[in-house]
Amino acid sequence: MAINTDQLLDSARRLRAEIGGDVHDRLTASIYAEAEQIADRAVTQSGQRSRFDFDRTLDRILTSRRWGFPAMFVLLLGVFWLTIAGANIPSQILSTLLLDWGYTWLHQGATLLNAPTWLSGLLIDGVYMATAWVVAVMLPPMAIFFPLFTLLEDFGYLPRVAFNLDRLFHRAGAHGKQALSMVMGYGCNAAGVVATRIIESPRERLIAIITNNFSICNGRWPTLILMGTIFIGATAPPFLASFVAAGSVVAVAILGIVVTLLVSAFLSRTWLKGETSTFSLELPPYRPPRVWQTIYTSIIDRTLIVLWRAVTMAAPAGAVIWLSSNIYIGDMSIAGHMVSLLNPLGLLIGLNGVILFAYIVAIPANEIVVPTILMLTMTLGANLAGAQPGVMLELDDAQVYTVLTQLGGWTMLTAVNLMLFSLLHNPCSTTILTIWNETQNRKWTMVATLLPLGLAFLVTFTTASVARLLGWA
Amino acid sequence: MTVDNTVTPPSAPIAAACATCPMYNGAQLTRLGINMTDWDYVVALAGNPNTGKSTVFNALTGLRQHTGNWPGKTVVRAEGGFLYGDKRYKLVDLPGTYSLLSTSADEEVARDFILFGQPSVTVVIVDATRLERNLNLVLQVLEITDRVVVGLNLMDEAKRHGLQVDERRLARDLGVPVVPMAARQGEGIQALLKAIDEVARGMYATRPRRIHHRDPQLESAVAQLVRQIEFAFPGLPNARWVALRLLDGDESIERAVRDGTLGQLTQTLTPQPAPTIRLELEAVN
């Protein structure tokens, strides 16, 4: 029985040398020959081909050099316009239900039960409000956006996006498949990071992992959509408002692609130098999307799962926010201390202390950034304005605008920079953990976390400075 | 092409009358989702990217793994279960790959599972409209394992493109069952289940096509190495494939030889093929 495994490997090596180095090519060649022979016998092509080749005609437009990008822009614009225009009414209904009625009922119930103020405050003003806001802000746009996006995916459009972007990724010294992991990141960056496994070269895979953050994920779309709607869309005449809002969100998404390419190019010319691999991407046929099934699965799989994640994050975050704004050290609450500590830095980059504090609270999940900002602005801002906390509850878009501009002192610059910061800042803790799992390398995990954060500060500082120099803000 | 898209089992009185009919068993699919303890058989689902593996996976398990019309969607393996007849099956959805030869992470996941996971059946889903390129993978899977079922998917699209695929010819050439399907429409799922069941129970004796390398030098090297491998790891089910990998200088297989992972394959081997191999070894000795 005693054959040594080393002996076995030795003779394999010897035989390989005898044959000559091209074993791999010879094996591949005989597999191909065999496959061709079998396929030839099994497949017959009938004479009459359909005269109108739908796929090829469509691809001629969607992947053409001239029309590929405009078509992509129009499709994205359409998706976001439907999302923003469609989410308006359900959003209002939900905020009336959850924030106005639900909140009042709960407080009445608490009074009936003689619950102590700290308890009802913690549970209703903290936990309930944060969760209710997350649901009201996120559910309607997500319930429209995800099915639409999934329909595009089911139809077969995403590989065309990858095809269009392939040339640009090549020029950036990255792998063309990065376009696919990038598109995956539009759902969730953690999933996008895992998807980079399709890239063979470790160098190009690292580039794809580090830049995946610039694909806007589920948790960040709502922030962008809200800012686009209440600040940017509102500057246009009403009949154009939702188009302008959608346009601003698409602009940020495209900026994300530009940043992905720039950072990839930067990395592949500095720390991650090397050859660019070639690959072939197969464009699948267009398939008529299965509308009902897609809507069903995208609502169950994406919308509700993302919403559930947001809710489970929002509930403890709500408690943290309430506690931090109701526990006093000296004459100020903990949140007050934090916010005034962060305020100078925040204002320097065109944001404010509340936003930066919200981003610290929201490290586990970007979904809760907007609710956190709103809650903190109202509690802290109300104190500044001398009003009672928790007066404005029926928050439709117009009232959110009032709260942010009047209590929070927001300007257009704040909104634009929040959109930019949301696009660029560090990945959420789940994604960071996934990056660590995939790379098993402390240094690259740090780079993937801190490089985006540094970029976010740099870009927002620049826009704030430029806006101030030109007298816009 | 067979069209059988009825999944609902007949109602109770009819069921009593049908119990002896072989067609009846075809309707006995119970989707177990992720509840899969104590399975009888493990089924691996392989195939090129974007051929509908996840659609088949969902149809069999009742799970709703996200499907998307683009290659490279599944990079980690998903698992689910179903009950067919009285047997419990665990189904593992592998990442889509064009080959098992190169070394990207997703191809390694697929290959390692087929090799080391030793599934009772490996189902290769192929795209009927791109048969030749898909067969490259089928042939490579057939080198590793005998127990293969080919799901000839997207037959509806092939028809739309004016292609006729002769599945019986294909089955004869490959030596394994070939099931025509249109998984998105639920067509062919029953026939696939039946084929999986037959191969798993050993009722369908497969005679897999092995790639013939018209290259005497290579073949004699393979023969030499196979003898040594079978001596070092008696009972290894795919010595020829291992020999080819070693000749190709495949580092992960070299590692598996060195650290004994490959040796373990001889112990967990399913009982059926073992005796014949032992006989051959005695002849060699």
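Biologist: Which residues of H19(A) are buried?
Modeller: With the caveat that this is a predicted model, the buried residues of H19(A) are Thr445(A), Ala448(A), Pro452(A), Leu455(A), Ala456(A), Thr460(A) and Ala464(A).
Biologist: Why would they be spaced like that along a helix?
Modeller: An α-helix has 3.6 residues a turn, so residues three or four places apart point the same way.
Biologist: And what covers the buried residues of H19(A)?
Modeller: The cover includes three helices of chain A, namely H9 (202-211), H17 (412-424) and H18 (429-439).
Biologist: How far does H19(A) reach, end to end?
Modeller: Helix H19(A) runs over residues 442-469, 28 residues in total, and spans 40 Å from its first C-alpha to its last, which is close to the 40 Å expected at 1.5 Å a residue. After the helix comes Gly471(A), with a positive phi near 75 degrees.
Biologist: Switching to the contact between the chains, how many residues does each one put in?
Modeller: Chain A gives 53 residues and chain B gives 52. On the side of chain A that touches chain B, H2(A) contributes the largest share, with 15 residues, and the residues of that side comprise 25 nonpolar, twelve polar and 16 charged.
Biologist: What about strands, how does E1(A) run relative to E7 of chain B, parallel or antiparallel?
Modeller: They run antiparallel, with three bridges joining E1(A) to E7 (residues 163-165) of chain B.
Biologist: Which residue stands opposite Val43(A) there?
Modeller: That is Val165(B), which belongs to E7(B).

How values were computed: Residues are numbered from 1 along each chain as its sequence is written. Chains are lettered from A and ligands numbered from 1 in the order in which they are written. This is a predicted model: local features need pLDDT of at least 70, side-chain atom pairs count only at pLDDT 80 or more; totals for chains, interfaces and linings use all residues. Two residues are in contact if their C-beta atoms, placed from the backbone, lie within 7 Å. Helices (H or I, at least four residues) and strands (E, at least two) are DSSP runs, numbered from the N terminus. Ala, Val, Leu, Ile, Met, Phe, Trp, Tyr, Cys and Pro count as nonpolar, Asp, Glu, Lys and Arg as charged, and the others, Gly among them, as polar. Two strands pair if DSSP finds at least two bridges between them. The expected span of a helix is 1.5 Å times one less than its number of residues. A residue is buried if 20 or more other C-beta atoms lie within 10 Å of its own, exposed if 12 or fewer, and partly exposed in between; C-beta atoms are placed from the backbone.
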